[in-house]
Every structure is written in structure tokens, then in C-alpha cells.
Amino acid sequence: RESPPHPSPGSGPGVRRTPVTTPPAFDPGQYPPLWYVEKLGASKVWKELGITGKGSLNIIHDGNFIPSPWINASLHHNPAEKLNGQDDDGNGLVDDLHGYDFSRGTGDLIRRPLPPGRPHPSILHGHQCVSIICGRGSEEHPVQPGLAPEARWAGVIAISHIEDAVQWAIEQGADTYSMSFSRPRLGHYRSHWRKLMEHGAFCGVHFISGAGNYAKEQPIPIQMRVPEDIPHAVFAVAGVQRDLGRTPFSSQGPVGWNTSHYRDGRVEKPEACAFNHLVPLLPPGGGRPTTTCSGNSFAGPMACGTIALMLSANPELKPWETRAIIIRTATDVAEEGFDFQTGHGLINAFKAVSAALPRGVSRD
């Protein structure tokens, strides 16, 4: 499993309000972007197209969320909910202000608080994914980590309540839904997951998942598992290193579909790739990153941040249109054309956002 382990529900603290502040207008030149932001072309999107992710809402499905100045200012606030121990919006959830832990039935997204000393990367998994999508630099954090710095995010934790989490995202008007996990051996139950993702896609939600970290452990065609093996409705992202060489642990396709409901046969996956090796790990306490993390859990959020930029440029894009644009504008990095290791190539945020602009809008 790529996401951090989930502790058993206990008698931990009650619902906590994460500090939310209104950030100043984003200045593309104020803090230097981290290397993956530049290599994917996101900083060029800010500077030349003036698009920063504003207006997009990104749901991050993970196991723990540590608040920090990197991500607090971009936190979504459910407009119909208050922190008062009541179900203000009538959706059956109490205090779902910034997201919800459907497994514990609480709006508190902090399952494991930040321990003293140097925390294990698994505790920072959700924080890292959010930071890649829409993190913001500050005086205490003098680098820019997020591809879509003026986008918003909300967190969901849902070990066995994926249906409720997706429905909540739909009702909040979510644009993307980032998933950094894999579910093996589901058999015909894969059909249920696929129906759910297709339902969400028809409601306008763009689902993104890392391709998996199982190239050295599992045979083809089961290296990529639910949800990243779902065709069309889920955008699967494999990983490459900084020099564009393939990361050895990154799962590859193809995948096979032959369930009681879906009989596609062989499906070409993944769609594209991003960076998943030695990615700077954001320290919640402040300062520049001093260590790194690896895994396709971090390639997926890079695609999510790119899609947030595209939807900021053109909110009318449907998931299948966004997918086609990213595939068409990707930079080929391995075998010519599509291959089962890197898909159609490295995501190119600048070309993708340029192509996403409505007709009549000037572009490079």
C-alpha cells in the first residue's frame, strides 16, 4: 500500500479547526519554484499565461493531514458548515468543514499529530501530496512547491467508505480527486469501483492516481491495480527520475479487464508520467527541504496540479477532454510514441494549459 498505514480509531482529540488565512496575491517571482515545478512547465504557466489554479477545488484522499503554513491558506471551507458540533448543511456529516474522515466519522483530518524530532515520511504523506498540488511559499518556507498555488484543497480519509467520500467531493463541486493508494485482489468487485469512478467523472470530477510501486514485486498485468487500472475515468501516472530515466519500482501496464460487467480485455495504461524519485520533502516546521521522498504517490499529485491549472484556464473542460489534452501535449521520454512504462510521455503543464484555453484567448 502506498499511502501511510491507518491507525485504529481511538479516543483522540475532537474536531480541530485548521488555521485558515487569506493569502496575499500570488507573486510568481517571489520564491524560487522547486525543480519539478520548473521541469513540468508550471512556473512558465504562471508567468506567461497568468494562470495559477485559482477557482479549482482538489480533493486529496489520504490517511493523515498535518497542517502547516505550506497548505493552510489554500484549505477549502465548506460554505454551508460551521464548527459547532451540528450538521449545518444537512448532509449527514457533522463539522465537515475542510473535509472528512469517513472511517472515524469526524471532521478532524489529523490522525497522527506531528511528533517531536524528525517525523517519518509516512506521517507527512498527505501533507506532501497537498503541497505538490497547491502548496505556497512564505517567509518561513522560502521556496514554491505547488504547481497550482492559488487552487484550493480538501482532505478525505475513507478506508472502506470510498462511495461516501466521492459523493462528498461531488457535492462540494470538486474538480479533481487525487488518490495515492492501490487496492489488490478485488476480483469482480473492481467493477463497483469502476462504476463509482465513472459516476464521478460524469459529474465533472477528474480522478488521478499514481501508477503504483510494484514493478519489482508483481507480474504484469496486475502491477497496476484499482483505482489506477480503471480506463478513461481515472488518469494513471507513472514515474520517472529527474534525468527522465524510468524509476525501476514504477508499475507498468498493460492492465486487463474481464469482470462480470466489463470485458475490455487489454487496456493501455498508464496515460503519462511525472516525477516520483527523490522529490523534496516539505518540512511542516519551516525552512527549505533537507530530505526527499520517492513513490508514485507523488507523481499523481503533479498531474493533479496540472489539471487544476487547466481547469483554472477553462472550467468547462470535461474529464475526457482534459485527458485527451494531456496525452496530446505530453513530451515523449522513452520509446517513440506510447509505451507501457511512461505512457504517452512526461506531462507538459505549459502546453496542456495553453491547449486548454478557450478559443479566442491568446496563447503562446
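**Exercise 1.** Which residues in H6 meet which residues in H8? Work out how the two helices are arranged, too.

*Solution.* A word on the model before we start: it is predicted, so local features need pLDDT of at least 70, side-chain atom pairs count only at pLDDT 80 or more, and totals for chains, interfaces and linings use all residues. Residues are numbered from 1 along each chain as its sequence is written, and side-chain values use heavy atoms, with hydrogens and water left out.

Step 1: find the helices (DSSP runs of H or I, at least four residues; strands are runs of E, at least two; both are numbered from the N terminus). H6 covers residues 299-313 and H8 covers residues 349-356.

Step 2: list the contacts (heavy atoms within 4.5 Å). Thr-306, Leu-309, Met-310 and Ala-313 of H6 touch Ala-349, Ala-352, Val-353 and Ala-356 of H8. Sorted by class, that's seven nonpolar, one polar and no charged residues. (Ala, Val, Leu, Ile, Met, Phe, Trp, Tyr, Cys and Pro count as nonpolar; Asp, Glu, Lys and Arg as charged; the others, Gly among them, as polar.)

Step 3: check the angle. The axes (lines fitted to C-alpha atoms, for helices over the stretch in contact, with angles from 0 to 180 degrees between N-to-C directions) come within 8 Å and cross at roughly 25°. H6 and H8 are therefore roughly parallel. (Under 35 degrees is roughly parallel, over 145 roughly antiparallel, 65 to 115 roughly perpendicular, and the rest oblique.)

**Exercise 2.** Now describe how H2 packs on H8.

*Solution.* Step 1: H2 (residues 42-49) and H8 pack at about 45°, with axes 7 Å apart. That makes the pair oblique.

Step 1: Ala-42, Lys-44, Val-45, Glu-48 and Leu-49 of H2 meet Ala-349, Phe-350, Val-353 and Ser-354 of H8. This contact splits into six nonpolar, one polar and two charged residues.

**Exercise 3.** Is Ser-180 buried or exposed?

*Solution.* Step 1: look in the loop between strand E4 (176-179) and helix H5 (190-202), where Ser-180 sits.

Step 1: Ser-180 has a relative accessible area of 2%, so it's buried. (Buried is under 20%, exposed over 50%, partly exposed in between, using a 1.4 Å probe and protein chains only.)

Step 2: follow the side chain of Ser-180, which reaches the backbone oxygen of Ser-297 at 3.2 Å.

**Exercise 4.** Which residues does a cis peptide bond with omega of about 15° join?

*Solution.* Step 1: Ile-220 and Pro-221 are the pair.

Definitions and conventions: Polar contact = N/O pair within 3.5 Å; in protein donor to acceptor, adjacent residues only side chain to side chain.
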